[in-house]
Amino acid sequence: MDVPALLQRYRELGWKIATAESCTGGLVAGTLTAIGGSSDVYDRGWVTYSNEAKREQLGVTAMMLEARGAVSGEVAEAMAKGALHRSQANVAVSVTGIAGPGGGSADKPVGLVFIGLARKDGWSQVERCLFDGDRDSIRAQTVTRALTHLHSATV
């Protein structure tokens with residue numbers, strides 16, 4: 001993903017981005033803000049690694065976390081919408097998943113990631129991804145896919 005081009009596209013639209021991250025621990029935000037001039041596009045971000053942080057900072061309900069688990073499409077969507085509502089952004093992207101090496105199960109294996117996207121106009125989507133590799137590889141693939149989703153939100 002061409003991050004400078006992504007930022008330029010948002011700049012042209014006059015849009016801002018917010019991020020809500022769990023398994024990537026801020027890597028999406030870090031990738032965006034590594035580019036000079038990103039401050040006119042990147043509004044803010046949250047690293048909500050714990051369920052408590054997801055509840056307190058993004059408004060994900062305890063009932064949803066208990067019923068679906070932190071690694072779920074429903075939680076990814078709620079994270080993106082929570083970030084959107086708590087920011088000045090036009091688009092918010094969220095990631096939640098299991099980067100490993102442990103923590104996986106038969107239902108939710110290592111490499112399972114959900115990426116949520118929400119726009120101010122009410123549109124939202126979630127993608128379920130299953131990435132291969134070690135922890136670093138899974139996190140890197142997640143960042144790339146999240147950035148791709150940010151691009152698709154402008155089309």
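**A walk around the model**

Let's begin with S50, which sits in the loop between β2 and α3 (51-58). This is a predicted model, so keep that in mind throughout. Is S50 buried or exposed, or something in between? Its relative accessibility is 32%, so S50 counts as partly exposed. The cut-offs matter here: buried means under 20%, and exposed means over 50%. Now look along the chain to A70. S50 and A70 are 20 residues apart in sequence. In space, their C-alpha atoms are 8.6 Å apart.

Next, strand β2. Y42 is found there. With 13% relative accessibility, Y42 counts as buried. What does Y42 touch, leaving aside its neighbours within four places in sequence? The contacts are I17, T19, A29, L32 and T33. Then take T61. Y42 and T61 are 19 residues apart along the chain. Their C-alpha atoms are separated by 26 Å.

Now to the helices. Find α1, residues 3-13, and α6, residues 135-152. How do we describe such a pair? Two packed helices are described by the angle between their axes and the distance between the axes. For α1 and α6, the angle is about 30 degrees, and the axes are 10 Å apart. Angles under 35 degrees count as roughly parallel. α1 and α6 are therefore roughly parallel to each other. Their crossing is left-handed.

Which residues meet there? From α1 come V3, L6 and Y10. From α6 come L147, L150 and H151. Sorted by class, this contact has five nonpolar residues, one polar residue and no charged ones.

Stay with α1. Which of its residues are buried? They are V3, L6, L7 and Y10. These residues cover an arc of only 95 degrees around the axis, so they lie on the same side of α1. An α-helix has 3.6 residues a turn, so residues three or four places apart point the same way. And what do the buried residues of α1 pack against? The partners are β1 (17-21), α2 (27-33), β3 (91-97) and α6.

Just after α1 comes G14, with a positive phi of about 75 degrees. G14 lies in the loop between α1 and β1. At 57% relative accessibility, G14 counts as exposed. How far is G14 from T144? In sequence, they are 130 residues apart. In space, it is 23 Å from C-alpha to C-alpha.

I35 is in the loop between α2 and β2 (42-47). Its relative accessibility is 27%, so I35 counts as partly exposed. Leaving aside neighbours within four places in sequence, I35 is in contact with V3, P4 and L7. Check P4 in particular. I35 and P4 are 31 residues apart along the chain, yet their C-alpha atoms are separated by 6.8 Å.

On to S22, in the loop between β1 and α2. Buried or exposed? At 6% relative accessibility, S22 counts as buried. Not counting residues up to four places away in sequence, S22 touches T48, Y49, K54, M79, V95 and T96.

Last stop: P101. This proline lies in the loop between β3 and β4 (112-119). Look at the bond that joins P101 to G100. It is a cis peptide bond, with omega about 10 degrees.

Two things to take away. First, V3, L6, L7 and Y10 are the buried residues of α1, and they sit on the same side of that helix.

Technical notes
Residues are numbered from 1 along each chain as its sequence is written. This is a predicted model: local features need pLDDT of at least 70, side-chain atom pairs count only at pLDDT 80 or more; totals for chains, interfaces and linings use all residues. Side-chain values use heavy atoms; hydrogens and water are left out. Axes are lines fitted to C-alpha atoms, for helices over the stretch in contact, and angles run from 0 to 180 degrees between N-to-C directions. Helices (H or I, at least four residues) and strands (E, at least two) are DSSP runs, numbered from the N terminus. Angles under 35 degrees count as roughly parallel, over 145 as roughly antiparallel, 65 to 115 as roughly perpendicular and the rest as oblique. A crossing is left-handed if the near helix is turned anticlockwise from the far one by less than a right angle, and right-handed if clockwise. Contact means heavy atoms within 4.5 Å. Ala, Val, Leu, Ile, Met, Phe, Trp, Tyr, Cys and Pro count as nonpolar, Asp, Glu, Lys and Arg as charged, and the others, Gly among them, as polar. Buried means under 20% relative accessible area, exposed over 50%, partly exposed in between (1.4 Å probe, protein chains only). The arc is that of the directions from the helix axis to the C-beta atoms.
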